[in-house]
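I opened a new notebook page for this one. Below are my entries, in the order I looked things up.

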Amino acid sequence: MAFGLHSPAMYQAIKFLHVATVIVSGSLFLLRGLWMTVESPRFLRRWVRIVPHVNDTVLLVSAIALCLLIDQYPFVQGWLTAKVLLLVLYIGLGMVAMRFGNTRKVRLTAWLAALLVFTCIVLIALTKHANPLPYLV
């Protein structure tokens, strides 16, 4: 099986990496939020601040590679545009939840909202439609 730049094997490898980093990203965000809500000292560990950023960088690079490989781009395809716009919202909510929320209630609300936005991003990716809600019924 060839691993040329545009080969099916390269696409599958990058897609696998992308999906794996999405799972890790969502899992770490969920775990960090749980630790935050119970005020666990684990939330303050150094790796908890570093690993998600490394993973999310790999996630972003793999997303860009996939766009280039399949010739589909945000602000051209509606479903990718929706994912990018929701990603910006997710990042903002995550920053409020994990760092900038002034009260516990604000942080918890932002965390729950971010989890909902993350779920929407995943649904859009699975359906390839900007509004995946009709596909859930």
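**Pocket lining.** I started with which helix gives the most to the lining of the largest pocket, and that is α2, with 14 residues. Helices here are DSSP runs of H or I with at least four residues, strands are runs of E with at least two, and both are numbered from the N terminus. The lining of the largest pocket counts 46 residues, with S25, D56, L59, L87 and Y90 nearest the centre. Two or more residues each come from α1 (8-37), α2 (46-70), α3 (78-100) and α4 (104-127). By class I noted 32 nonpolar, seven polar and seven charged lining residues. For those classes, Ala, Val, Leu, Ile, Met, Phe, Trp, Tyr, Cys and Pro are nonpolar, Asp, Glu, Lys and Arg are charged, and the others, Gly among them, are polar.

**Pocket volume.** The largest pocket comes out at about 1500 Å³. A pocket is an open set of points on a 1 Å grid over the protein atoms alone, where a 1.4 Å probe fits, with protein on both sides within 12 Å along at least five of seven lines; lining residues have an atom within 4 Å of a point. The volume is the space filled by probe spheres set on the points, which are joined across faces, edges and corners.

**What I am looking at.** This is a predicted model, so I kept in mind that local features need pLDDT of at least 70 and side-chain atom pairs pLDDT 80 or more, while totals for chains, interfaces and linings use all residues. Residues are numbered from 1 along each chain as its sequence is written, and side-chain values use heavy atoms, with hydrogens and water left out.

**Whole chain.** I found four helices and zero strands, in the order α-α-α-α. The C-alpha trace spans about 50 × 35 × 25 Å along its principal axes. Of the 137 residues, 34% are buried; buried means under 20% relative accessible area, exposed over 50%, and partly exposed in between (1.4 Å probe, protein chains only). Contacts are heavy atoms within 4.5 Å. Of those between residues at least 6 apart in sequence, 61% join residues at least 24 apart.

**Salt bridge.** How many salt bridges does the whole structure have? The search finds one, a salt bridge being a side-chain nitrogen of Lys or Arg within 4 Å of a carboxyl oxygen of Asp or Glu. R104 pairs with E39, and their closest N and O atoms are 3.4 Å apart. The pair links distant parts of the chain, with R104 in helix α4 and E39 in the loop between α1 and α2, 65 residues apart.

**V106.** I found V106 in helix α4, partly exposed at 39% relative accessibility. Leaving aside neighbours within four places in sequence, V106 contacts V96 and G101. I also looked up V106 and K15: they are 91 residues apart in sequence and 35 Å apart in space, C-alpha to C-alpha.

**Positive phi.** Most residues other than glycine have a negative phi. D71 has a positive phi near 55°; I located D71 in the loop between α2 and α3, exposed at 52%. K128 also has a positive phi, near 60°. K128 is in the segment after α4 and is partly exposed at 44%.
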